[in-house]
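Please keep the sequence and the model at hand while reading.

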Amino acid sequence: MKALRIFALPLIGLILLGALVYHIFQREMAPPAPSGPPAVHIWADTALRLPLESPDMEHEQGLLGRFLRRTGIQTRVTYGTLADWEHNPDQHHLTDLVLTSNPAWRTWLTEAGRLGPERAFARHVPVLLIHENYREQAPSPTFLRDLDRRLSVGDLHGTVLGQLTVELLTDDTYAVDDLQQQVRLVGSSADEVARAVEQDRADAALVWRDTALRHARRTTFVPWPDPDVTGPSVYALRLDDSPQSDAAAQLARFLAGPAAHSLLRAYGFETL
């Protein structure tokens, strides 16, 4: 029995030492505990990344950086579409604010009983985008309706951009069938539509001004000739069960206020 104890004691010591080392290793590898107040979690259209973060402006951290400096409130952003949101249910009850111009978001949140206060803070501006091969020609609706022209369009039924393209280009002399004959690419987003023109896979398109600025290499654009024609508004939609409701409300007010206007305009949005 004495010999058994002699062998057992070192073995128990090794087991205890191993457990201690494992505990220390796990503690070192664990992510640090969050410090300070919780952040506002945002789900935003990809088109808003530049004004929100301004990664291309020296010494500038975008609208979210300005908001942090004024309020001390941190933010966390996920960029994606409504389809992305639907495939990430773990994000649903963590999100405080949705920044979007897609009206389907409002419908989804309303039907789910989760739509809280909403505030419009910017607007997309429709422009005519053409490839540099046609730089000598003035972009116009007539230019786009030329049956020899290759067009890039948003989904004519499934996107706001596509629906507006149909509304603005078709008339008694130019039907939807005429428009569809010219289409060379149908994009699910304005960026896809503009990229096709930039890469010379299409000659022209109707897109948003902020999109045209992101795809300005080898393209040029002009505003839609009728100034009364406007694009969709961009909304801050607060979720009814937002974990950081007060902070989210502060951010929505900030985005609609004068402190946000200069950056929104710099990236091609119209301010409200």
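## Terms and basis

A residue is called buried when its relative accessible area is under 20%, exposed when over 50%, and partly exposed in between, with a 1.4 Å probe and protein chains only. The model is predicted, so local features need pLDDT of at least 70 and side-chain atom pairs count only at pLDDT 80 or more, while totals for chains, interfaces and linings use all residues. Residues are numbered from 1 along each chain as its sequence is written, and side-chain values use heavy atoms, with hydrogens and water left out.

## Salt bridges

With a salt bridge taken as a side-chain nitrogen of Lys or Arg within 4 Å of a carboxyl oxygen of Asp or Glu, the model has 11 salt bridges. One of them joins Glu132 to Arg135, with the closest N and O atoms 3.5 Å apart; Arg135 is partly exposed at 41% relative accessibility, and Glu132 is likewise partly exposed at 31%.

Another pair lies within a single helix, where helices are DSSP runs (H or I, at least four residues), numbered from the N terminus. Arg49 and Glu53 are both in helix H2 (residues 49-53), four residues apart, or about one turn of the helix, and the closest N and O atoms of their salt bridge are 3.8 Å apart. Arg49 is partly exposed with a relative accessible area of 37%, and Glu53 is partly exposed at 29%.

## A link between two helices

Arg214 forms a salt bridge with Asp191, in which the closest N and O atoms are 3.1 Å apart. Arg214 lies in helix H10 (residues 209-214) and Asp191 in helix H9 (residues 190-198), so the pair ties together parts that are 23 residues apart in sequence. Arg214 is partly exposed at 26% relative accessibility, whereas Asp191 is buried at 17%.

## Packing of H3 and H11

The axes of helix H3 (residues 62-71) and helix H11 (residues 245-255) come within 11 Å and cross at roughly 120 degrees; axes here are lines fitted to C-alpha atoms, for helices over the stretch in contact, and angles run from 0 to 180 degrees between N-to-C directions. H3 and H11 are therefore oblique to each other, a class left over once angles under 35 degrees count as roughly parallel, over 145 as roughly antiparallel and 65 to 115 as roughly perpendicular.

In the contact (heavy atoms within 4.5 Å), the H3 residues Leu63, Leu64, Arg66, Phe67, Arg70 and Thr71 meet Ala247, Gln250, Leu251, Phe254 and Leu255 in H11.
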